[in-house]
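Please consult the sequence and the coordinates alongside each point.

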Amino acid sequence: MEKHELEILKLVEDNGRLGVPAIAKMVDREEKEVQAVLDKLEKENVIVSYAAVVNWSKVEEQEGVTAMIDVKVTPQRGVGFDEVAERIYRFPEVKALYLVSGAYDLSVVIDGKTMSEIAGFVSEKLSTLESVISTTTHFRLKTYKHDGVVFEDGEDDDKRIVVSP
C-alpha cells in the first residue's frame, strides 16, 4: 500500500465524517484520486464500515445490557476455530467476535434488553453448540473509553489540587 493511501486510511479511521474534499486537502491530492483510493479500499474490504461511536449512557430512552462472553471451544480438524466462530457470529445478537489468546479461545460481545435475555442467549444458543466447552459472562457496567474515544474526561468532576506528602 502506498504512503498516501495509508494517510487516507488513517484519516478516515479517525473521522469517518471527513469528506473527500477535506481529505484531498489534508493529503495534498486531487479529489478524484482520493475518491478512487476510497473506492479501491472499500472494494478490497480494507474499509469495512463507517461508524459513529455513540455514548448510549447519554440517551435517556436507551436501556439495555452489553455482555462480554469468554468461550472455550474445541477447534475442529481442518478448520480450527473458524467454523465455530462463523456459527457464533451469525447470531444477530453478536456485535463482535474475537479469537483471543489465554484461558479462553473466543471473546463474544452481545447486546440485549435484559440480563435474562443474555442469559437465555448463553444457555439456549451459545452453550448448546457442539464445540463449546465452557463460557464466562461479564456484564459491562460503565464505558470509559471505546475505539480510542474517551467518554468522560473527568474535567468537570473534581477541581481540587492534589496534595501529596
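1. Phe 91 and Phe 121 are both buried, where buried means under 20% relative accessible area, exposed means over 50%, and partly exposed lies in between (1.4 Å probe, protein chains only). The model is predicted: local features need pLDDT of at least 70 and side-chain atom pairs count only at pLDDT 80 or more, while totals for chains, interfaces and linings use all residues. Residues are numbered from 1 along each chain as its sequence is written, and side-chain values use heavy atoms, with hydrogens and water left out.

2. The structure contains 1 aromatic pair. It is edge-to-face because the ring centres of Phe 91 and Phe 121 are 5.5 Å apart and the planes stand at 90°. Rings of Phe, Tyr and Trp (its six-membered ring) pair if their centres lie within 6.5 Å; planes under 30 degrees apart count as stacked, over 60 as edge-to-face and the rest as tilted. The pair links distant parts of the chain, 30 residues apart: Phe 91 is in the loop between helix H4 (82–89) and strand S2 (94–99), and Phe 121 is in helix H5 (residues 115–126).

3. In overall composition, the protein has 5 helices and 6 strands, arranged along the sequence as α-α-α-β-α-β-β-α-β-β-β. Helices (H or I, at least four residues) and strands (E, at least two) are DSSP runs, numbered from the N terminus. Buried residues account for 27% of the 165 residues.

4. Strand S1 (residues 65–73) is largely enclosed by the rest of the structure, because 7 of its 9 residues are buried. S1 runs antiparallel to strand S3 (residues 106–112), with 7 bridges joining them; here Ala 67 stands opposite Ile 110. Another 7 bridges join S1 to strand S4 (residues 132–139), also in antiparallel fashion, and the bridge partner of Ile 69 in S4 is Thr 137. Two strands pair if DSSP finds at least two bridges between them.

5. On the surface, Met 1, Leu 6 and Val 46 form a nonpolar patch with about 260 Å² of accessible area together. Such patches are made of residues with over 30% relative accessible area and no salt bridge, nonpolar side chains (Val, Leu, Ile, Met, Phe, Trp, Tyr) being joined within 5 Å and like charges within 9 Å. A salt bridge is a side-chain nitrogen of Lys or Arg within 4 Å of a carboxyl oxygen of Asp or Glu. Accessible areas come from the Shrake-Rupley method with a 1.4 Å probe; for residues, only the protein chains shown count as cover. Leu 6 lies in helix H1 (residues 3–14) and counts as partly exposed because its relative accessibility is 37%.
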